[in-house]
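Keep the structure open while you read.

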Amino acid sequence: MTQLEDTAKAASNSPRRLYIKNYGCQMNVYDSARMAELLAPLGYSLTVTANDADLVILNTCHIREKAAEKVFSELGQLRRMKEAKARRGGRMILAVAGCVAQAEGAEIIERAPCVDVVVGPQSYHHLPELLARVLRADGAGAIDTSFPVEPKFDLLPKVASPRGVAAFLTIQEGCDKFCSFCVVPYTRGAEYSRPVAEVLAEARRLVRGGAREITLLGQNVNAYHGGGPDGREWRLGELIRQLAEVERLDRIRYTTSHPRDVDDELVAAHRDVPQLMPFLHLPVQSGSDRVLALMNRRHTVADYRRTVDRLRSARPDLALSTDLIVGYPGESCEDFQATMDLADEMRFAQAFSFKYSPRPGTPASSAAHQVPDEVKAQRLAELQVLLGSQQRAFNEACIGHTLPVLLEKPGRHKGQLVGRSPYLQSVHLAAPADRMGDIVPVLITAASANSLSGSLTGVAAE
Ligand code: 5AD
Ligand code: SF4
């Protein structure tokens with residue numbers, strides 16, 4: 001028996017509490033679920049509070065400065081909990097996972113010595129070994145921010161515990177695009193696509209566990225080029241067609257995409273595959289060609305417009321979501337106005353907008369002509385008024401229509417459930433709890449900026 005199995009066996013006799021706090025993107029949500037699955041055989045079961053947990057994992061995000069700073073303020077609170085537990089004779093292990101772990105490595109333990117484990121997003125399958133090391137060494141921290149040669153997916157358990165009616169499935173990781181503002185190529189590494197058979201097997205397991213909707217995840221998901229069973233590399237469109245054959249998988253989504261990688265096959269999938277939802281997150285970042293070039297986006301506004309036109313001709317009811325950055329170094333008033341104009345033209349159903357945040361190690365962070373924070377804040381406020389009104393208008397246009405809604409979870413009030421429309425809007429309605437997991441027709445009666453409400457109708461949903 002290996003030492004690891006020893007630790008696991010000893011641990012499985014005494015249940016241990018695991019608390020995972022997730023920050024950032026949906027891929028972190030997926031990674032957190034996989035970490036929980038990985039640690040379950042060691043006796044760890046999930047708890048809803050950090051207080052008194054035996055192991056706390058912060059699954060962190062480094063995309064913007066604010067996201068990274070949150071981690072250190074959380075660690076301050078956790079240190080006090082850890083000390084209180086030690087005074088009661090217990091032990092709390094603190095682990096920092098995700099992109100802050102990858103970017104800052106050993107510096108995390110220097111800045112927050114209460115941290116026991118630092119593990120990057122490509123090496124979290126080593127968590128059991130790292131924990132065993134910490135338990136043995138009694139005090140010494142364990143760090144792993146390597147990009148191991150063995151893909152972690154091969155070494156993670158194949159169990160895939162039930163992850164709800166709407167599940168995430170990572171099919172691609174890393175990015176080779178190197179947009180000049182972005183840390184992802186450094187924290188998540190080079191582009192990697194999981195083989196088709198592995199993706200299909202995981203999708204089937206998720207559906208057996210109750211999933212009716214799967215969102216395929218990747219930092220640059222439409223750059224997917226996984227090895228197919230026929231020895232060829234499959235692109236995302238082909239993979240989606242195959243996934244649509246999985247029985248009881250009613251809804252497919254994918255995120256996040258790059259405009260350059262929208263190929264004809266993907267456009268055709270939007271035309272032909274009814275399970276592929278008519279909602280697409282397609283970040284554009286700026287409406288100015290000059291800024292797009294500085295950002296190393298390798299597409300122009302006209303390219304973006306053409307891509308959207310191709311998609312909308314294939315799927316006329318396609319709703320668009322995007323990401324926009326204001327105050328990129330060198331962004332002039334005219335450049336910003338071009339972003340406002342593009343947003344105005346595109347009528348985004350949803351959009352995420354950010355002030356440019358310099359990330360250490362990225363080319364843009366040392367660029368000349370950084371935009372003052374007050375200017376960024378003012379531009380962001382202006383843009384968000386426009387985007388907010390577009391989102392509200394999109395939601396209000398749904399009033400009076402009947403939409404198929406996948407019922408996902410209990411609502412805030414008794415007798416209520418919350419579901420999602422095809423366009424990813426949250427929909428609140430009165431419905432019996434046993435309808436959870438069903439796709440039901442809902443007549444939309446009210447809309448706010450962020451959600452819809454409605455009532456069940458007798459009409460059959462698609
Ligand atoms: N500053 C501001 N926003 C950023 N994003 C990525 N890096 C930065 C940065 N340094 C935004 C982009 C991306 C989204 C996930 O986060 O818009 O699409
Ligand atoms: Fe970052 Fe996306 Fe650009 Fe890749 S394509 S570098 S993940 S913004």
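## Helices H13 and H14

Start with helix H13 (residues 301-314) and helix H14: their axes come within 12 Å and cross at roughly 10 degrees. Angles under 35 degrees count as roughly parallel, so H13 is roughly parallel to H14. Bear in mind that this is a predicted model.

Which residues make the contact? On the H13 side they are Val301, Tyr304, Arg305, Val308 and Arg312, and on the H14 side Leu342, Glu345 and Met346. Sort them by class and you get five nonpolar, no polar and three charged residues.

## Helices H14 and H15

Now stay with H14 (residues 333-346) and turn to helix H15 (residues 373-396). This pair packs at an angle of about 10 degrees, and the axes are 10 Å apart. That makes H14 roughly parallel to H15.

Who meets whom here? H14 brings Cys333, Phe336, Thr339, Met340, Ala343 and Asp344, while H15 brings Arg379, Glu382, Leu383, Leu386, Leu387 and Gln390. By class, this contact of H14 with H15 has seven nonpolar, two polar and three charged residues.

## The domains

Next up is an open space in the model. The second largest pocket has a volume of about 290 Å³. It has 13 lining residues, and the ones closest to its centre are Val29, Tyr30, Ala33, Arg163 and Phe168. Strand E1 (16-22), helix H2 (26-39) and strand E7 (166-170) are the elements that each give two or more residues to this lining.

Which element gives the most to the lining? That's H2, with five residues. By class, the lining of this pocket has nine nonpolar, three polar and one charged residues.

Here the pocket ties back to the domains: its lining draws at least three residues from each of domain 1 (3-144) and domain 2 (152-396).

Key:
Residues numbered from 1 in each chain as written. Chains lettered and ligands numbered in written order. Predicted model: local features only at pLDDT ≥ 70, side-chain atom pairs only at ≥ 80, totals over all residues. Heavy atoms only, no water. Axes fitted to C-alpha atoms, helices over the stretch in contact; angles between N-to-C directions. Helix = DSSP H or I, 4+ residues; strand = E, 2+ residues; numbered from the N terminus. Parallel < 35°, antiparallel > 145°, perpendicular 65-115°, else oblique. Contact = heavy atoms within 4.5 Å. Nonpolar A, V, L, I, M, F, W, Y, C, P; charged D, E, K, R; others polar. 1 Å grid on protein atoms, 1.4 Å probe; cavity = no way out; pocket = protein on both sides within 12 Å on 5 of 7 lines; lining within 4 Å. Points joined across faces, edges and corners; volume = space filled by probe spheres on them. Domains from an automatic or database assignment.
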